[in-house]
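Please look over the structure below, and keep its sequence to hand while reading the paragraphs that follow.

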Amino acid sequence: MNEEIDEYDIYHQDFTTASEWEVLIARFEEVISEWHLSKAKFQYDCEYTKKWAIKSEEIKFRGQSFMLSYHYLETQPSTSKLRCDDSSLFITELHKNLWDATSMFMDDTDASPYPISNWFGLKNYLMLYPKGPLVDGSIIKLILSSVNIAFANIDCSVPFFVKIREHWQHNYLGIYEDNDYKMNFDTIHLKRISNQCSHLSGLVSLFKSKISSPVPLDAVIISAKFSYEMKDSESFAWRIRTQSNEFLSIDGFDVKKLIELPFGSENNPIQSALLNAIWPQFRESAIMDSSTFSDIDPLMAPTWTITLKIKNNIKCQLSEVIGRVMNLLENNNLLMDVLGLSKSLGLVNPLNKITEAPITISKLVKAAVGRNTTSSDFKGPITDDLLMPLLYYVFPDAVEDNDFPYLKALINEKDTSDPKICNYIKASPEDGLVWRLSVTAARLLEAGGLPYLAHFWYELVQELQYRWEHKILVPGIMSGMPNARTCLLHQKLQLLNCCIQRAKDGRETQVGNSSEDEFYDCSENEGAEEQLPWDRPVGRLHRLENATLKNGAPLYVPCTQDPAPKTEDQLEEDAELMVRLGDDAKASELRAKMMSASLLSDMEAFKAANPGAELCDFVQWYSPRDWKPDDGGGLGDRMLLPGNPWAEAWTVARPVPASRQRRLFDETREAEQVLHFLRSRTVSTVAELLLPAILKAGAAKAVAEGATGASACIGGVDKRRTFEIAARELLEVEKEACRSVSVKKVLGSSDEGKPLDVAGRSRVLSAMGGTLPAPTRREFTLRVKDDVGPQVMRAALANDMTIVGAFTERIVVL
C-alpha cells in the first residue's frame with residue numbers, strides 16, 4: 001500500500017533569492033551606472049584642472065561598512081565633452097598617463113586623497129574604502145571577485161581599486177579591463193625589506209617575472225632617487241640678531257632701533273634638510289647594484305635637490321610682540337590702576353559700579369577736570385632720559401630740529417587700492433602719530449611690561465590735555481572730520497583736532513557752558529545784522545545762480561553751521577539709542593528731532609536769508625531732486641507723503657541766522673569727552689585701540705622683508721576676531737619668510753626642490769664634511785614598453801618596503 005506523501009515534507013530550494021554576495025555585485029553595478037561611468041555613457045574630456053572632485057556612496061557587506069567613491073580631476077570649462085565610441089581609446093589613454101607619470105617619484109603629491117593617482121598617472125578612478133582594516137583573506141578575495149564581475153557586467157570606463165590591510169600600509173589592489181586588455185594594479189607593503197628586493201638587481205628580476213611577455217636584456221629603463229636626511233641643521237646655522245629691547249641700550253635711547261620692529265626667527269628654524277640624489281633615466285646595464293657590489297655613487301648623480309623641514313614651534317619675533325598685546329585683551333582692569341592713579345584721577349571701573357546709580361557723562365567729565373593735582377607730580381617707571389625722547393618721537397613739534405618730523409600730507413593706506421597683508425584692518429596713516437604711538441607702546445610692553453605701557457599712555461593723555469588747553473593742534477593726524485576708514489584711536493584724535501581748530505577760530509563760548517541757550521559768538525558784521533528786524537534778510541552767503549523763490553524774489557544760499565563731527569563709536573551709540581526708543585508715536589517724534597537737528601538749523605538759516613520763502617524754495621536748494629519747477633516751483637511726490645518730517649521741521653523753524661543759533665557742536669564738551677575717553681580706558685580697550693596700527697606696522701615690516709600677501713575681505717566678524725585673524729596671518733607670513741630666508745642661506749641662488757647648481761652642491765657637501773651618510777630612503781622606478789603596452793613597477797625602500805606595479809596583459813579568447 002502506497003503511503004501518501006505530504007508535499008510540504010519535500011525540501012524546495014528557492015533559486016530566485018539573491019545572496020548577500022549577489023546583492024553586493026548588483027549594488028556596485030547600480031552605483032557605477034548612476035555615475036555614468038560605463039564606456040557607453042562616459043564623456044571624454046580633453047583638458048583637466050588640478051582640482052580633484054569626489055562622489056561617494058556607503059555600502060555594507062557582512063556587517064562591515066565600505067565607502068565607494070569616484071575621484072576625478074575637474075575639467076576646464078571651455079573643454080568640449082565627447083562621447084567615446086571606441087573603447088580602445090580608454091586603455092590607450094591609461095597607458096599614456098601611466099608612462100608620463102614615470103617621470104615623477106612616489107613621494108610627489110597631486111592633491112588627490114589617495115596616492116594611486118600619482119603612482120599610476122590616473123585622472124579618475126573608483127575606490128572602495130573599508131571603514132575598518134580589511135585583513136581577512138577570504139573577505140578580500142570575495143570583494144575582489146565581486147569587483148571583477150561588476151566591472152565586466154557594467155563595462156566600466158575607469159580603474160577600480162580596493163584598499164586592503166591596515167590603513168597606514170597604503171595597500172591598494174585595482175583592475176581595468178576591456179575586450180582586448182586587462183590591467184592589474186598591485187601593491188605590496190612589508191615591514192622589513194626582503195633580501196631579494198634590497199638591491200636593484202633583485203628588483204629588476206622581480207619586475208621581469210611579473211611581465212608575461214619576454215623582455216630583452218637591455219630594455220628596462222630605470223629612474224632612481226636616494227634621499228639623505230641631514231639632521232645636523234647647525235651645519236647651515238644662521239642667526240638673525242634680535243632687536244628686542246635694543247633701543248634701551250646703556251648708551252642712551254635710539255629711536256632708530258625702536259621703530260625697527262623685530263622680524264623672523266632669532267634661532268635657526270631648520271629642523272632638517274632632505275637631500276635627494278636623482279638619476280632621471282638609465283638602462284639596467286649602466287649601473288650595477290647587487291647584494292655584493294654597487295657602483296651607485298650619489299656624488300655622481302646628475303641631479304641634486306634639497307627640501308627643508310622647518311620646526312613646528314618657531315619663535316617668531318614679530319608675532320611675539322603682537323602676541324603680548326593680544327594677551328592684554330582679557331584684562332578688564334583700568335589701565336591707570338596699574339600706576340595707582342585711578343582714584344586720584346576720579347576714575348571708576350564700570351564693572352565695580354554695576355549696582356550703583358548711573359553716572360552721567362557730565363559728572364564724569366567734571367570729575368576728570370577737577371581731579372587731584374597730586375597726579376601731576378607722578379613719577380612712573382620710565383625714567384626721564386627715556387621718556388622724553390619717546391614723547392619727542394611721537395610729538396616731534398614739541399622740540400626744534402627734530403629728526404623725525406611728520407609728513408605734511410598724510411594718506412591712509414585704506415584709501416589706496418594697493419592690496420597688502422592684513423588690508424582688512426582699519427588703521428591710520430603710516431608713520432603718523434597713531435602708528436608711532438602704537439609701535440612705541442608695543443615695544444615698551446615688551447621691554448618693561450604693563451607698567452611701562454600704562455606710564456606712556458598716561459603721559460600721552462597729559463600731553464593731549466595740555467594741547468587742548470593751549471589750543472595746539474595734535475600732529476601726525478589727517479586733517480578734517482573723523483575718517484570712518486581709519487581706526488577708532490585716529491578718529492578720536494581727529495575729533496580732538498576739530499575741537500582745537502574750532503576753538504582757535506574763535507567759535508568757543510564760556511568753558512563748560514552746554515545749556516540750551518548756548519549760541520555762537522558773532523563777528524562785527526554779523527552783530528550789525530542781528531539788530532535788523534526779523535523780516536529783513538540776514539546771514540546770506542551768495543545768490544544761487546539765477547534761481548528764484550516761488551514769490552519771484554532771488555534765492556540766496558545761507559550761511560550754515562558745519563555738521564557736528566562724530567567718531568564711529570558715537571554713531572553706533574546714536575544708532576543704538578534710535579533702536580531703544582521704540583516704535584510708538586512719541587519715540588518717532590524724538591527720533592525725528594534727533595535726526596533733523598542739522599536739517600532744522602539749515603531751515604532756520606534759510607528762512608533768515610530768504611524772508612517769505614516756502615518749503616518748496618528750501619527743497620529747491622537743499623534737495624533739488626525733490627523739487628518740481630512747474631508753476632513757479634513745487635514739492636516732489638516724496639515730500640507730499642503724510643507725516644513728512646521735512647514739513648514738520650519747516651513748520652517749527654524760525655528765521656534765525658547761523659550766528660544766533662544754538663550750536664550743533666560744542667567743542668569744549670567734545671574735547672573733554674575725548675580726553676576722558678582716553679584717560680578712563682581699561683587695559684583691554686587700550687589694547688583694542690593700539691592693535692590696528694600695530695598689526696598694520698607688522699604687515700608693513702613683513703612686506704619690507706619680502707613677504708607677499710593676497711587681498712582679503714573679512715566681514716561679519718567682531719573686532720577681536722578680526723585681530724585674531726590678522727595676527728594668525730602675520731604669523732604664517734613670518735614663518736614663510738623664515739623658510740625663505742633658510743632656503744636662501746642653504747641653497748643660495750637655487751630654488752627649493754629644483755636642481756642645485758655647482759656652487760650649491762659644493763656648499764652642501766662641505767657642510768656635510770665631504771661625505772654623505774647612509775640614505776634614509778631609496779626609490780626605483782622600472783619601466784618598459786613591450787608589444788602589449790607599458791609595464792611599470794615602483795619600489796620605495798626605507799625601514800620598510802613598498803612596491804607598486806601596473807601590468808597589462810592581452811586577453812586570449814579560446
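Which residues in α20 meet which residues in α21? In this predicted model, S684, E688, L691, P692, L695, G698, A699 and A702 are the residues that α20 brings to the contact, and on the side of α21 they meet K719, R720, F723, A726, A727, L730 and V733. Two packed helices are described by the angle between their axes and the distance between the axes. For helix α20, which covers residues 683-704, and α21, the axes come within 10 Å and cross at roughly 30°. Because angles under 35 degrees count as roughly parallel, α20 is roughly parallel to α21, and the crossing of the two helices is left-handed.

Helix α21 spans residues 719-747 and also holds I725, a residue that counts as buried because its relative accessibility is 17%, where the cut-off for buried is under 20%. Along the chain I725 and C422 are 303 residues apart, yet their C-alpha atoms are separated by 8.8 Å.

A pair of aromatic rings is described by the distance of the centres and the angle of the planes. The count of aromatic pairs comes to 26. In one of them, the rings of Y393 and F404 have their centres 5.7 Å apart and their planes at 90°, so this pair is edge-to-face. Since Y393 lies in helix α9 (residues 384-394) and F404 in the loop between α9 and α10 (433-448), the pair ties together parts that are 11 residues apart in sequence. Y393 counts as buried, with 4% relative accessibility, whereas F404, with a relative accessible area of 21%, is partly exposed.

The rings of F618 and W621 likewise have their centres 5.7 Å apart, and their planes stand at 70°, so this pair too is edge-to-face. Both residues belong to helix α17 (residues 615-622), where they lie three residues apart, about one turn of the helix, and both F618 and W621 are buried.

Elsewhere, aromatic residues gather into a group: W52, Y114, W119, F120, Y125, Y129, F161, Y172 and F185 form one aromatic cluster. Aromatic rings also meet charged side chains in this model, for K492 lies over the face of F677, at 4.4 Å from the ring centre, and R761 lies over the face of W304, where the distance from the ring centre is 4.4 Å.

Terms used: Residues are numbered from 1 along each chain as its sequence is written. This is a predicted model: local features need pLDDT of at least 70, side-chain atom pairs count only at pLDDT 80 or more; totals for chains, interfaces and linings use all residues. Side-chain values use heavy atoms; hydrogens and water are left out. Helices (H or I, at least four residues) and strands (E, at least two) are DSSP runs, numbered from the N terminus. Buried means under 20% relative accessible area, exposed over 50%, partly exposed in between (1.4 Å probe, protein chains only). Rings of Phe, Tyr and Trp (its six-membered ring) pair if their centres lie within 6.5 Å; planes under 30 degrees apart count as stacked, over 60 as edge-to-face and the rest as tilted. A charge sits over a ring if NZ of Lys or CZ of Arg is within 6 Å of the ring centre and within 35 degrees of the ring normal. Axes are lines fitted to C-alpha atoms, for helices over the stretch in contact, and angles run from 0 to 180 degrees between N-to-C directions. Angles under 35 degrees count as roughly parallel, over 145 as roughly antiparallel, 65 to 115 as roughly perpendicular and the rest as oblique. A crossing is left-handed if the near helix is turned anticlockwise from the far one by less than a right angle, and right-handed if clockwise. Contact means heavy atoms within 4.5 Å.
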